[in-house]
Amino acid sequence: MAANIGILRRPVSTAGVWGWITTVDHKRIGILYGVTAFVFFLIGGIEALLMRVQLAQPDSEFVDAGTFNALFTMHGTTMVFMVVMPAGAAFFNFLVPLMIGARDVAFPRLNALSYWLFLFGAILMNFSFFKAAFPDVGWFGYAPLTTTPYTLSSSTDYWVLGLQVMGIGTTAAGFNFVITILNLRAPGMTLMRMPLFTWMTLIVSFLIIFAFPPLTIALTLLLFDRFFGTNFFDTVGAGADPLLWQHLFWIFGHPEVYILILPAMGIVSDILPTFSRKPLFGYTTVVFAGAVIAFLGFGVWAHHMFTTGLGAWATAAFAGATMAIGVPTGVKIFNWLATLWGGSLQFKTPLLFALGFISMFMLGGLSGVMHAAVPVDTQQQDTYFIVAHFHYVLFGGSIFGLTAGIYYWFPKMTGRMLSERLGKVHFWVMLIGFNMAFMPMHVLGVLGMPRRIYTYSADQNWAGLNLFVSVGAFVIAVSILLLIINVLRSVRKGEKAGMNPWAASTLEWAIPSPPPHYNFAVIPTVRSLHPLWDEEANAVEPPPLPAHGEPHMPSPSYWPIVVAFGVTMVCGGLLIWQASTWLGLAVIAVSGFIGMRGVYGWVFEPVAAEEHAEHAEHPERAPAHHA
Amino acid sequence: MQYVTGIDDHRTSTGLDNRKLLMWAFLGSDVMFFGTLIGTHLIYRNRSLSGPQEEILSIPITTVSTFVLLMSSLAMVLALAAIQRGNMGGFRFWTVVVAVFGSIFIGFQMFEFAEFAHLGLTPRTNLFGSTFLVMTGFHGAHVTVGILWMWSLVFASFKGKIHQGNALQVEIAGLYWHFVDIVWIVIFGVVYLIGAYGAENRALESVEHAARAASLI
Ligand code: HEM
Ligand SMILES: [Cu+2]
């Protein structure tokens with residue numbers, strides 16, 4: 001069985017570049033996600049800075065209107081799909097198996113496939129820069145604006161196809177984490193003993209598998225309109241409904257914002273107990289609030305469409321549902337505050353960022369409840385007030401929360417501490433810069449400055465605040481620079497972290513930093529929500545490896561990247577097809593073949609390579625299921 | 001916390017096999033795919049500006065193809081029952097029946113699409129053409145994947161890779177097949193029956209309308 005697996009032999013080595021390309025280790029995949037997300041954070045950040053340079057002064061000619069459209073589109077799309085989502089995935093990957101006491105995720109190769117699809121999809125979309133132009137239709141790509149008569153260049157095709165490829169990867173990851181969390185928990189790790197971050201991962205994964213299909217279908221319909229002349233969004237010729245896209249997109253879009261924020265909430269819920277030295281206040285309530293948020297999240301999408309004339313009843317119902325969703329969110333905030341209350345607080349960098357998260361996210365949440373009130377929203381829609389709101393939740397919320405996670409788990413991931421001093425400077429510079437950049441946007445919005453305008457004239461009296469905002473944006477940039485310096489210095493010279501530098505309570509701290517590739521020498525048995533606090537004495541030394549040696553882990557595999565390449569190039573072939581039919585068809589055929597060959601190789605690949613032949617004969621004893 | 005040695009890595013927390021749980025999760029997600037397509041179709045009902053619409057749906061023919069698909073589900077049940085008892089011959093026979101019935105269904109669908117094209121309905125004709133053909137085409141693609149899966153199971157069983165010991169593989173394929181079948185029942189009910197019924201009523205109305213108009217003269 002082990003001998004014949006086709007042209008590509010199952011690789012064995014985990015060393016070097018090939019080791020990373022063929023890896024199926026959840027920790028390495030997590031690091032790949034994290035590094036890639038950070039690179040895109042820099043790209044999206046540069047796009048933001050370019051916009052802010054343009055808007056710093058009235059009547060500026062730094063970029064033209066078309067370029068500005070491309071900038072906000074790629075900035076928004078990048079930040080949502082290529083930064084915050086994969087950054088969340090980085091933490092899911094690295095942490096969830098450790099937190100539940102598993103050796104890997106349920107489907108390690110599927111996990112690798114998710115990453116490669118994300119990377120290739122992101123590259124495909126950004127490739128438009130070299131071919132046509134950056135997409136310029138806004139991050140929610142409203143049809144009919146995105147249909148052929150209104151977007152002449154192929155940039156929108158890149159947007160659609162890139163998003164589609166990334167979406168497939170994301171959905172696959174959603175499945176993987178649902179199964180992992182439900183099925184791979186260590187003995188005694190009941191659902192209600194899972195760390196909150198694991199809970200939020202589970203909820204986000206469910207959101208992904210139910211919210212991405214509407215987006216996938218919407219993109220497919222748009223693709224068919226653009227490539228094959230169907231009529232789904234043809235409002236003029238075929239009488240299509242101009243609101244169809246908005247409905248489909250926001251049925252996905254609102255759950256998506258919870259996909260973006262819940263991981264940060266999970267991170268913060270795990271950090272607060274560690275640095276207040278007491279358990280999370282109302283654990284069950286926080287879990288339940290998260291589930292309620294996710295559930296209600298599917299019923300509020302039309303609050304993005306209050307100004308489209310849905311009718312009084314529909315509007316009122318969605319307004320009510322939107323206000324209702326504020327309740328579980330508020331519950332969480334009170335739980336966090338109550339956790340801090342009376343704790344012996346240790347103001348380490350992760351806690352600072354967690355506090356930054358709570359306060360900034362709360363401001364964003366408050367302005368969010370404001371535009372749940374329809375008459376108010378009618379004034380605020382498409383003004384800078386909205387831009388201020390979603391940056392308070394996305395940057396003040398997600399990015400602060402994720403940064404807290406970086407400071408908290410960096411020691412686990414690398415075995416070294418980040419500098420506390422630099423970290424604190426980073427925090428204060430980022431907090432100040434963030435508020436400089438986004439607080440005045442509320443005012444600008446109320447003064448009537450519309451969203452997505454590339455310039456304004458001096459007599460509109462927006463110049464002063466805009467300049468201030470732009471300075472704030474550069475202060476944020478400086479803070480990110482500090483993070484980069486901190487990371488680069490600490491990876492090499494940072495203080496050694498040891499197993500549990502923060503004296504935290506959850507399982508990932510019970511093993512060495514960085515963890516060995518098999519995670520746990522021996523799978524732990526869990527007795528409580530805080531295994532390392534309740535039985536601290538046992539947690540000082542990880543147990544030695546059992547006599548029969550290292551646990552067998554699945555070997556690396558080439559197939560995930562091969563399949564991802566095939567899928568992406570089929571989409572690439574579609575793009576070529578527009579310019580040159582036969583060449584396009586040829587590319588589609590060849591990549592389709594590569595993809596299918598990959599699937600075939602994947603299905604018939606043994607769990608472990610020849611070197612582990614004795615193991616391959618008993619695939620049913622493999623550490624994790626293979627798919 | 002206590003460490004135990006010799007833990008059996010194969011156990012799962014829910015007792016359900018990972019792959020089976022994966023299939024369930026996938027089907028849950030697939031509900032949203034079909035839900036979106038069927039929803040779009042229903043939203044666009046009676047909103048086409050020109051060209052043929054629901055009146056060209058043929059209930060009798062589709063009833064036959066629906067029946068064939070339903071029978072394939074029965075065969076699927078029998079195939080699984082056979083392999084669970086270790087009856088490989090029975091398993092192969094019934095699995096081939098599933099694949100053949102599935103193919104007959106696809107044949108009907110191709111006939112239907114060709115017929116519609118003949119009557120002037122393509123995905124580019126009007127809203128009805130776009131939503132109906134993409135939705136049923138998406139379902140047809142699901143059936144096609146299922147057919148390929150059935151044949152792969154049969155071939156793999158000859159190579160000894162599918163046997164009583166891993167009947168779970170067949171069970172998972174069966175979950176998929178039954179699901180695709182159920183989706184078709186929904187489409188048949190919501191799109192064909194209700195749709196054609198509505199079209200008939202409208203036709204009747206316009207006849208009555210014409211009659212009334214005529215009697216006024
Ligand atoms: C360096 C910090 C950032 C700055 C200076 C910044 C600035 C901007 C600006 C100027 C716009 C365009 C507003 C308009 O013209 O309507 C914008 C849009 C947007 N930003 Fe940011 N941003 C930053 C970080 C982020 C982050 C971290 C996220 C998400 C996680 C994000 C998500 C978005 C989205 C979704 C849009 C809307 C794009 C669209 O209108 O299609 N931004 N941002
Ligand atoms: Cu929303």
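**Charged pairs and their surroundings**

Modeller: Within chain A, the side chains of A:Arg226 and A:Asp157 form a salt bridge, with 2.5 Å from N to O. This pair links distant parts of the chain: A:Arg226 belongs to helix 6 (residues 196-228) of chain A, and A:Asp157 to helix 5 (residues 155-183) of chain A, the two being 69 residues apart. The model is predicted, and every value given here is computed from it. In general, side chains of opposite charge can pair when their charged atoms come close.

Over all chains, the structure holds 8 salt bridges. How many of them does the rule find across the interface of chain B and chain A? The rule finds 1 salt bridge there. In that salt bridge the side chain of B:Arg47 meets the side chain of A:Asp241, at 3.2 Å from N to O.

On the side of chain B that touches chain A, at least two residues each are supplied by strand 1 (2-3), helix 1 (18-43) and helix 4 (127-158) of chain B. Helix 1 of chain B provides the largest share of that side, 14 residues. By kind, the residues of the side of chain B that touches chain A comprise 18 nonpolar, 16 polar and 7 charged. In total, 41 residues of chain B are in contact with 48 residues of chain A. The two chains bury about 4,200 Å² between them, and 64% of this area is on carbon and sulfur atoms.

The peptide bond from A:Ala143 to A:Pro144 is cis, with omega near 5 degrees. A:Pro144 is placed in the loop between helix 4 (108-131) and helix 5 of chain A.

A:His75 and A:His391 each coordinate the iron atom of ligand 1 through NE2, at 2.0 Å. The site is octahedral, with angles of 87 to 180 degrees among its 6 donor atoms. A:His75 lies in helix 3 (residues 65-100) of chain A and A:His391 in helix 12 (residues 384-414) of chain A, and therefore the pair ties together parts that are 316 residues apart in sequence.

Technical notes
Residues numbered from 1 in each chain as written. Chains lettered and ligands numbered in written order. Predicted model: local features only at pLDDT ≥ 70, side-chain atom pairs only at ≥ 80, totals over all residues. Heavy atoms only, no water. Contact = heavy atoms within 4.5 Å. Buried area = accessible area lost by both parts, 1.4 Å probe. Salt bridge = Lys/Arg side-chain N within 4 Å of Asp/Glu carboxyl O. Helix = DSSP H or I, 4+ residues; strand = E, 2+ residues; numbered from the N terminus. Nonpolar A, V, L, I, M, F, W, Y, C, P; charged D, E, K, R; others polar. Donors = N, O, S within 2.8 Å, 3.2 Å for Na, K, Ca; no water. Tetrahedral: all angles 85-135°; square planar, octahedral: opposite > 155°, others 65-115°.
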